[in-house]
Amino acid sequence: MGVNLRDILERDEIRLDSLAGKRVGVDAFNTLYQFLSTIRQKDGTPLMDSKGNVTSHLSGIFYRNVRLLEHKLLPVYVFDGEPPSLKEDTIKERKERKEEARKKWRAAIVAGDLDRAKTYSQATSQLDKKMIDESKKLLDVLGIPHVQAPSEGEAQAAYMCKKSEINVVASQDYDSLLFGSPILVRNITISGKRKVPRRNMYVRVHPEKMVLQEQLERLGISLENLIEIAILTGTDFNPGIKGVGAKTALKVIKKDGFEAAIEKYDFQVDPYAVKKIFTNPETTDDYKLSWGFPDEEKAIELLHEKHEFSRERITNALSKLEEATGSRDQTSLDSW
DNA sequence: CTAGGGTA
DNA sequence: TACCCTAGG
């Protein structure tokens, strides 16, 4: 998934409340896949209504965003559009891996190994058009804006952040930094202990932030260099050089530069074409950001009447939210 | 993932 | 109250 720059980037722990009043551009696909993979039953079956429609993503969107709004964040979801053609191999590979995981999931169920079943099931998550459309509809119901990117969502979010139309980009992946996003936040709302699967262990997970300029200064490189490092280690658009991780790539780029690295290593994809995706991505100005109040009636219609969520849980969540945000009226909300 | 109920 | 576990759809 994305680029692996973890080994050279430093993360600052933050509190969710430090994002109060901030416009947070959320990588929608990244978030939806997370919900689809984690919100599952013991044997790995996702949540579904009685007609067999998967509802894990709707559950995730609903509770996550009620929580974000309670903390006074202003989320805007940025959806992926058409992937660049260089992503085709990655997409194909992911599809194959999902089919493989699906087989292993079935086998684990037959063997009665629930832990393994759940682990494999998590790698099978697929988003279809209906799920994407319904996710957008639920965001509408919650009064949360969404933007349709022409191509990569992270590129669009980075563009909006550069223009200061949003304050930060939220994603688990680091790609938005390569697209020039000034600030990336990870683990939004995830706080406290989380169980490590298959092990009787817990890890503490906190929201964290990275400021692009600070990272570059600390590493003594330019954004262009960071992109070059990513290309050496591998991105969604090229396989990268075997045996070269972020730390080695950093050394190579700082010592010899990109040209020399291209001479030295055997690239299967034109590294300049990959570079161009990050330096000159497709973006749009065709969006409007405005936040409204959640519509309880419509939430009940979509989640309870259509997908059989508990009515009480929905009304509970929304009235708690109203308590937290009740002092604002519609006009002040728009200028949040 | 989060909510909510059970337990120390 | 703090933590743990499980259901949710």
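Predicted model: local features only at pLDDT ≥ 70, side-chain atom pairs only at ≥ 80, totals over all residues.
Before you click: local features need pLDDT of at least 70 and side-chain atom pairs count only at pLDDT 80 or more, while totals for chains, interfaces and linings use all residues. Residues are numbered from 1 along each chain as its sequence is written, and side-chain values use heavy atoms, with hydrogens and water left out.

**Stop 1: α2.** Select residues 56-70. Helices here are DSSP runs (H or I, at least four residues), strands are E runs of at least two, and both are numbered from the N terminus.

Now colour by burial: 12 of the 15 residues in α2 are buried (under 20% relative accessible area, 1.4 Å probe, protein chains only). Among them are His-57, Phe-62, Arg-64 and Leu-69. Show α1 (28-38), β3 (74-79) and α13 (296-306), which are among the elements covering those buried residues. Just past the helix, click Lys-72, where phi is positive, at about 70 degrees.

**Stop 2: α3 and α4.** Select residues 88-111 and 114-122. Their axes (lines fitted to C-alpha atoms over the stretch in contact, with angles from 0 to 180 degrees between N-to-C directions) come within 8 Å and cross at roughly 165 degrees. The two helices are therefore roughly antiparallel (over 145 degrees). To see the contact (heavy atoms within 4.5 Å), show Ala-101, Lys-104, Trp-105, Ala-108 and Ile-109 in α3 against Arg-116, Ala-117, Tyr-120 and Ser-121 in α4.

Technical notes. Chains lettered and ligands numbered in written order. Expected span 1.5 Å × (residues − 1). Buried < 20%, exposed > 50% of the residue type's maximum accessible area, 1.4 Å probe, protein only. Parallel < 35°, antiparallel > 145°, perpendicular 65-115°, else oblique.
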